[in-house]
Amino acid sequence: MSPFTDSERPSKRARTEESENRHSPGSSHLDQHAAVQIVDEDLSDREEVDIVDVAARGSDLYLDTINRAVLDFDFEKVCSISLSNINIYGCLVCGKYFQGRGRKSYAYAHSIHDDHHVFINLESTKVYVLPDGYPVSDPSLEDISFVLAPSFTATAVATLSSPTHLAKPFYDLSSKPYLPGYIGLNNIKRNDYMNVVVHSLLHVAPLRDYLLLSHFGAKQPELVKRFAALAKKVWNPRLFKSQVSPHEFLQEVGRASGGKFRMEVQGDPAEFLGWIINQLHKDLGGTKRKNSSIMFSTFQGEVRMEVQQVVVRPEAAENDKPRFDIDREIKTSTSPFLFLAVDLPPPPLFQDAVEKNIIPQVGIHTVLTKYDGVTTQASDSDHNESRGQLRRFKCQRLPPYIILHYKRFTKNNFVEEKNPTIVNFPLRGVDFRDYLEAPTSHPHTVYDLVANITHESIAGTTRDKENTVWKVQLRAGAGGGDNEKWFQIQDLIVEEIRKEMIFLGESFLQIWERRPDRQEGEMHVQADA
Ligand SMILES: [Zn+2]
């Protein structure tokens, strides 16, 4: 019920038609005839000056009809009727989106037909009462604009990866406790493979902090803006409900990738991660130079590859491993990397009844010998020029965050098969020194795990896409011991897990964080002792 009778309602006093074009960018893409005409007349909110001091008239106009439980602002901001994305308002009573607020607008019509009167402009976060059309400013609405557009300070961001973040409980509207950053992401259809990547990236401190503190303008690419908006929601300390839908971001991923990564079709997290890092790099103005974007300065390292043609030696025994021959030509090249791809030893082909239930295991340093500069690999490429080549690798520069990709899936002509080998690794203190050839000025080579993506399939070793489950395990806090906890997230299911459980999964992607240098990270180093 309105606290006012009709005659008491503030009325619009003036409407100024401005000659300048006030449409948001993108309106030029509209059909220049029909659409623009409607927008001009009613949907664009050409300056309607309300000379009304709302605060003086009472601030609780219809505000008791607002239903926060239906508000999350997660879905793509398009009008539920016109499907336009220009000048969209959210109804604070039912949560639906409508275009415009002028007399012939959809929001206006909704306010009359459904008797819903409070609307928020999804761009400016200003609140209006319709059909009257006056703005409302009230401190009680601040929580709503914060859920719509959370903002962070440098001070708030500084503690997100520290043990202090674990100390304080946070509660959603239904008084359910949650930990910002460790909340469920909806699986809209088959987007769990993207959810685990999103979560992993949003737990890489420099990237996360960059996104949380960002104020991207209209000119920034949509993908960057939506990724930052998603980051702010995932880490929002004042969520109405402790889960977020990545819908708005993933819609843009679908568009920007030309349909390669869609939420309706199960995909490969490693391919998606590679794509999103490169795309965000480009969208943030990155070039081929190192450190030219936050993506490259965080994840890019450098690796040297040495290649030699294999010569079949008649005297070699059948099981001799091919070796580099120092007398012959070695081709050396250095290239940047964003991932280190790691091969798993082939699982035994035949197992007897006793061995059947034994899952093969391997230590992380065993598989990382690929990068020790000594161990050789036969080229697995089918290209003619690289057939019969031996290769060996050594890193020349390690990035602050190392992404490891365990290659579990081998494509052959018939099926995609999965290597079920379990990789054993400690959560903290993996030293990559043996895989690096660099000057002594190179920063620390000791890394701690921050994110671990695992694969589970219900149907044996075959990669059955229908029965595939992707999960991510994320570190909260830092420094080991009681200063850190681990959470496992599978779409909306968030659970704390024991540290001993982490290496039991089939790790597929991992992100390792360089430990701070001793002088600045004394506490971290000591915590290991
Ligand atoms: Zn409504």
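Donors are taken here as N, O and S atoms within 2.8 Å of the metal. In this predicted model, the donors of the zinc ion follow the spacing C-x2-C-x15-H-x5-H along the chain. The protein residues concerned are Cys91 and Cys94, each through SG, together with His110 through NE2 and His116 through ND1. These donor atoms lie 2.0 to 2.2 Å from the zinc ion. The arrangement is tetrahedral because the four donor atoms subtend angles of 98 to 115° around the zinc ion, and four donors count as tetrahedral if all angles lie between 85 and 135 degrees. Both His110 and His116 are buried.

With regard to overall architecture, the protein contains 14 helices and 27 strands. Of its 529 residues, 49% are buried. Among contacts with a separation of 6 or more, 68% are between residues 24 or more positions apart. The protein exposes about 26500 Å², and carbon and sulfur atoms supply 51% of this area.

A further site examined was Ser507, which is located in strand 27, spanning residues 506-514. Ser507 has a relative accessible area of 1% and is therefore classed as buried, the limit being under 20%. The side chain of Ser507 forms a polar contact of 2.9 Å with the side chain of Asn452. When residues up to four places away in sequence are not counted, Ser507 touches Asn452, Ile453 and Thr454, as well as Tyr406, Arg408 and Phe425.

Terms used: Residues are numbered from 1 along each chain as its sequence is written. This is a predicted model: local features need pLDDT of at least 70, side-chain atom pairs count only at pLDDT 80 or more; totals for chains, interfaces and linings use all residues. Side-chain values use heavy atoms; hydrogens and water are left out. Helices (H or I, at least four residues) and strands (E, at least two) are DSSP runs, numbered from the N terminus. Buried means under 20% relative accessible area, exposed over 50%, partly exposed in between (1.4 Å probe, protein chains only). Contact means heavy atoms within 4.5 Å. Accessible areas come from the Shrake-Rupley method with a 1.4 Å probe; for residues, only the protein chains shown count as cover. A polar contact is a pair of N or O atoms within 3.5 Å; within protein, one must be able to donate a hydrogen and the other to accept it, and residues adjacent in sequence count only if both atoms are side-chain atoms. Donors are N, O and S atoms within 2.8 Å of the metal (3.2 Å for Na, K and Ca); water is not among the atoms, so sites may look incomplete. Four donors count as tetrahedral if all angles lie between 85 and 135 degrees; four count as square planar and six as octahedral if opposite donors are over 155 degrees apart and all others between 65 and 115; anything else is irregular.
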